[in-house]
Amino acid sequence: MDRIPILRMGQFLLVTIQVDLYDRLALELEADLVKMVSKTGAKGILIDISAVSIVDSFMGRIIGNIGVMSKLLDAETVVVGMQPAVAITLVELGLPLKGVYTALNVEKGMDLLKSKVQIIEDDEIDAANDNEDHLPE
Amino acid sequence: MATEITKILKKRKSVILERWMKNQLTDETLREDLISNEELRAESEELIDILTKSLNETNLTDPDSSDFDHVIEILGGISLSRAKQGFSPRETGLYVMSLKETLLQILQEEVKDPADLIAATLNLSRLIDNFSIITFETFIKGREEVILRQTDEITEISTPVIRVWDGILALPIIGTLDSARTQVVMESLLTEIVESGSSVAILDISGVPTVDSLVAQHLLKTVSATRLMGAECVISGIRPEIAQTIVHLGIDLSDIVTKASLASALSFAFATLKVEVKKVAR
Amino acid sequence: MRLMITKIISLNKDKMSIAKEQDVVPFRNRVKEYAIKIKMSLVNQTKLITAASELGRNMLRYANGGKVLIEIVSLGRQHGIRLTFDDQGPGIPDIQLAMNDGYSTGKSLGLGLPGAKRLVNEFEIKSELGVGTKVTITKWANG
Ligand SMILES: Nc1ncnc2c1ncn2[C@@H]1O[C@H](COP(=O)(O)OP(=O)(O)OP(=O)(O)O)[C@@H](O)[C@H]1O
Ligand SMILES: [Mg+2]
C-alpha cells in the first residue's frame, strides 16, 4: 500500500481510507488531494473514514488542513462514517476538526456536498454563508 | 507419637458426612426454600471428599499450603453461588461452622490422650477457621458482583434511545449526568445513530434535576461527538430554573440548539428533515 | 490467610522501541492486543491507543525516538494497561506550560500532552533537561 487512491465522481473526489495511516502516507494524501482539486476543478471532497479506528491529533490536523486548503481552491470537504468510539475520543482529546463538514455515510455526504455546491451556485452574487448544516464546533 | 488425626478423619469420612448433614438439617436457619436436601448433600459430600483427600499431618498446621487450593476452590464456588441465590452471610457461614463442630465431635470420640486432643482440636480449628474466612471473603465478592451487575443494568435501563421517527432519535435523561453516565449516553446514542442512520438526535433533560457547569460540559461533549458523526443534536426539556442557572453560571450554550419542550425539539427535527406534519380534514 | 491485593501489580510486559515513523502503527497494534486481552471496552481501547499515539509521536518528534514499556497491571479486581514512554531527548523546560492546551514548540495544535491526560485514568510526567522525558499512563479496563 503505497498511496491512497483518489476516485473521481463527477465534480467530486472520493477518498476511502482503508488502513491506519502512518505519517508520510497521510501527508502525501494531503498533497495529492490538493493537487487533484486544482487540476480537476472539483467542487467537493468526500473522505470516508469508516475503516479508521484511530484519529490522533496528527491525523486530525491533516484532515483539517485538507478542509482549509481545498476551501481556498473553492471546494468543500465532507468527512463521513466516523466511528462512535473515534468521535467520543476526539471530543475528549479536544480536537475540533475545523473546516470540514461531517455526514453519517457516503450517500448522505454526497447529498450534503450537492446541496453545498447548489447553494454556492445559487448565491453566487451575495456569497451568503449558510450555517444550517453541521460544522462541528 | 501423637495420634494421626488425619487418618482418623479419613477413616470416618462417611460418619462425618452423616453427622454434618444431620447438624445442618436440624438447624433452624436451614434454607430449604433456597436449596434442596439432595443438592446440599451432594455439595457437602464433595467437600468432605476433597478435604480428607488433601489433608495430611504436615499441611494440617499450614492453612496456606497449596494442597488446599482445590478445597478453597470448592468453598469459593459454594459461597459465591449462595451469595447470588440470596443466602444471608450467617446462613453461608454456618455451613462451614457446622462442619467444624462435626469434625471436633469426632476427634473427641477418637482421640483418648487429652494433650493430643487439645493439640488436634487447635490445629483443626485454625484450619477450618481459615476456610470460614475465605468463605466470607468470597461471599462478599459474590455480593459485590451482584451489585456491579445491577449498577450496569440500571445505567443501561436509564439510557433508552428511542426511534421517534425515521431519522430522528430521542434520549430522555433521568437523574444526574456525571462523566461515567455521559460516557454511556454518548456510546448508546452514537451507536444508535449509526444503526438507524438518523440525522437528528434529541437529548431531553427534563428529568435532570440540576445543570451545573460540569453537566453542561458533558452535554456539550455529547453534542460535539454527535456532530462529528454527521448528525445534529438538539437539547430539549430546559426548565425555567435551569435556564436561570445556566445564565447565572455564565455557561455558554449558544453553539447548540436548545428547545423548551420535546414537542418543539421534534418540530425542529421535522423542519431539518423537511418533513411536514399536519392535520387532515376527514 | 491469603492477602488482599492493595498495590498495583504488573502481570505481563513487553518493551518496544519507537525509532521511526513506521514504528507507530505496529506499536498501536500491540497496545490494542494487550487491551483486548483484558477485555477493555472499545471506547476505552480507542482512548488509550489515541493517547499512546500522541505520546509515541512526541517521542519521535522531539526526542528522536525512545522506548515504551507495555504492561498489564491490576489493582484489586480491576485490570488495566500501563504504558511507560522513556526517551533520552532534550527534556521539557516547563512541564506546566507544555501541559496547557495549545502550547506547542512544533507549530502544531499543542493537544498531545493535555489531550492524552484527559483520555486516560492516570498520567504522570517527569522530565529533566538534557537527560530525557518519561511519561507513564494507565487506563483501566472499565475506567
Ligand atoms: N518527549 C518530549 N521531549 C521533549 N519535548 C517534548 C516531548 N513531548 C512534548 N514535548 C514538548 O511539549 C510541547 C507540547 O507537546 P504536545 O504533544 O502537547 O503538543 P505538540 O506535540 O506540540 O502538538 P500536537 O501533539 O497537538 O501535534 C511540545 O511542543 C514540545 O515542546
Ligand atoms: Mg504532540
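1. The expected span of a helix is 1.5 Å times one less than its number of residues. In this predicted model, helix 1 of chain A (residues 23-40) has 18 residues and should therefore span 26 Å. Gly41(A) follows helix 1 of chain A and has a positive phi, near 65°.

2. The buried residues of helix 1 of chain A are Asp23(A), Leu25(A), Ala26(A), Glu28(A), Leu29(A), Glu30(A), Asp32(A), Leu33(A), Met36(A) and Val37(A). Against what do these residues pack? Within chain A, their partners are strand 1 (6-9), strand 2 (12-16), strand 3 (44-48) and helix 2 (57-72). Helix 2 (42-63) of chain C is also among the elements against which they pack.

3. The size of an interface is often given as the accessible area lost when the parts come together. For chain C and chain A this buried area is about 2,000 Å², of which 59% is on carbon and sulfur atoms. The contact involves 22 residues of chain C and 20 residues of chain A.

4. Between chain C and chain A there are 2 salt bridges. One of them joins Arg28(C) to Asp56(A), with the closest N and O atoms 3.7 Å apart. The interface of these two chains also has 7 residue pairs in polar contact, both residues being at pLDDT 80 or more. On the chain C side, helix 1 (24-37), helix 2 and helix 4 (112-119) each supply at least two residues. Which of the helices of chain C gives the most to this side? Helix 2 of chain C does, with 10 residues. By class, the side of chain C that touches chain A comprises 8 nonpolar, 6 polar and 8 charged residues.

5. Chain A and chain B bury about 1,600 Å² between them, and 66% of that area is on carbon and sulfur atoms. Chain A contributes 16 residues to the contact and chain B contributes 19 residues.

6. The interface of chain A and chain B has 1 salt bridge. The side chains of Glu92(A) and Lys221(B) form a salt bridge, at 2.8 Å from N to O. Helix 3 (84-93) and strand 5 (101-103) of chain A each supply at least two residues of the side of chain A that touches chain B. Helix 3 of chain A gives the most to that side, with 6 residues. The side of chain A that touches chain B has 10 nonpolar, 3 polar and 3 charged residues.

Definitions and conventions: Residues are numbered from 1 along each chain as its sequence is written. Chains are lettered from A and ligands numbered from 1 in the order in which they are written. This is a predicted model: local features need pLDDT of at least 70, side-chain atom pairs count only at pLDDT 80 or more; totals for chains, interfaces and linings use all residues. Side-chain values use heavy atoms; hydrogens and water are left out. Helices (H or I, at least four residues) and strands (E, at least two) are DSSP runs, numbered from the N terminus. Buried means under 20% relative accessible area, exposed over 50%, partly exposed in between (1.4 Å probe, protein chains only). Contact means heavy atoms within 4.5 Å. Buried area is the accessible area (1.4 Å probe) that two parts lose on being put together, summed over both. A salt bridge is a side-chain nitrogen of Lys or Arg within 4 Å of a carboxyl oxygen of Asp or Glu. Ala, Val, Leu, Ile, Met, Phe, Trp, Tyr, Cys and Pro count as nonpolar, Asp, Glu, Lys and Arg as charged, and the others, Gly among them, as polar. A polar contact is a pair of N or O atoms within 3.5 Å; within protein, one must be able to donate a hydrogen and the other to accept it, and residues adjacent in sequence count only if both atoms are side-chain atoms.
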